[in-house]
Amino acid sequence: MIVAATDTSAVTNDWAMAEVIKHPRVLKKIQEELDIVVGSGRMVSESDLIHLKPERHLPNDDITRVEISHGPDFKILPFSAGKRKCSGAPLGVKLVLMALARLFHCYDWSPPDGVRHEDIGTNEVYGMTMPKATPLMAVAKPRLPAHLYH
Ligand code: HEM
């Protein structure tokens, strides 16, 4: 249960962070969305999650819909399907979204000195949870008022 819940969520976070930091334009869009919904006077809370709709910043013809499935229909199946499908899926989605929303709302992210955005590695290691082959290294710079971090 602990392995099913922790590594899966941590690896999903790791991939999402890497892809977003690699694409600063995407990070900016996400932060714009968070600033509209949450503002800069407090941190993201769970009740904000349903109001986050980053696709509102995209031109209409640019919207890509990714359908996550819970059935055996060969769409994206991050939680598997059938009798043994992930019983923690709703919690997993919330945990990952909450962590990412706070990390992107609270901090600006960039690669370490001397590393270009496009050089952030996105190779995977084969295994149960398909982790990144190289650990993500990034610099976090606070973007909210200092008192919120205490
Ligand atoms: C992003 C996060 C997560 C992902 C991607 C994920 C994915 C999966 C996958 C692919 C399976 C295998 C299903 C199979 O054997 O076919 C699974 C099983 C399972 N997961 Fe998750 N999971 C996540 C989070 C969680 C959380 C947060 C919990 C619990 C708090 C959890 C509990 C379980 C349990 C108990 C099983 C075994 C189900 C069974 O064999 O009956 N998972 N998960």
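Helices and strands are DSSP runs, numbered from the N terminus; on that basis, Ser80 belongs to the loop between H2 and H3. The model treated in these exercises is predicted.

**Exercise 1.** Determine which residues bring H1 and H2 together, and how the two helices are oriented.

*Solution.* Step 1: H1 covers residues 2-22 and H2 covers residues 24-37; their axes lie 5 Å apart, at an angle of about 105°. Step 2: angles of 65 to 115 degrees count as roughly perpendicular, and H1 and H2 are therefore roughly perpendicular to each other. Step 3: on the H1 side the contact is formed by Val20, Ile21 and Lys22, which meet Pro24, Val26, Leu27 and Ile30 of H2. Step 4: these contact residues comprise 6 nonpolar, no polar and 1 charged.

**Exercise 2.** Identify the protein donor of the iron atom of the ligand and locate it in the chain.

*Solution.* Step 1: the SG atom of Cys86, at 2.3 Å, is the only protein donor of this iron atom. Step 2: Cys86 is placed in the loop between H2 and helix H3 (89-106).

**Exercise 3.** State which elements cover the buried residues of H3.

*Solution.* Step 1: the buried residues of H3 include Ala89, Val96, Leu100 and Phe104. Step 2: among the elements covering the buried residues of H3 are H1, H2, strand S1 (107-110) and strand S2 (139-142).

**Exercise 4.** Describe the backbone and exposure of Ser80.

*Solution.* Step 1: most residues other than glycine have a negative phi. Step 3: its relative accessibility is 38%, so Ser80 counts as partly exposed.

Definitions and conventions
Residues numbered from 1 in each chain as written. Predicted model: local features only at pLDDT ≥ 70, side-chain atom pairs only at ≥ 80, totals over all residues. Heavy atoms only, no water. Axes fitted to C-alpha atoms, helices over the stretch in contact; angles between N-to-C directions. Helix = DSSP H or I, 4+ residues; strand = E, 2+ residues; numbered from the N terminus. Parallel < 35°, antiparallel > 145°, perpendicular 65-115°, else oblique. Contact = heavy atoms within 4.5 Å. Nonpolar A, V, L, I, M, F, W, Y, C, P; charged D, E, K, R; others polar. Donors = N, O, S within 2.8 Å, 3.2 Å for Na, K, Ca; no water. Buried < 20%, exposed > 50% of the residue type's maximum accessible area, 1.4 Å probe, protein only.
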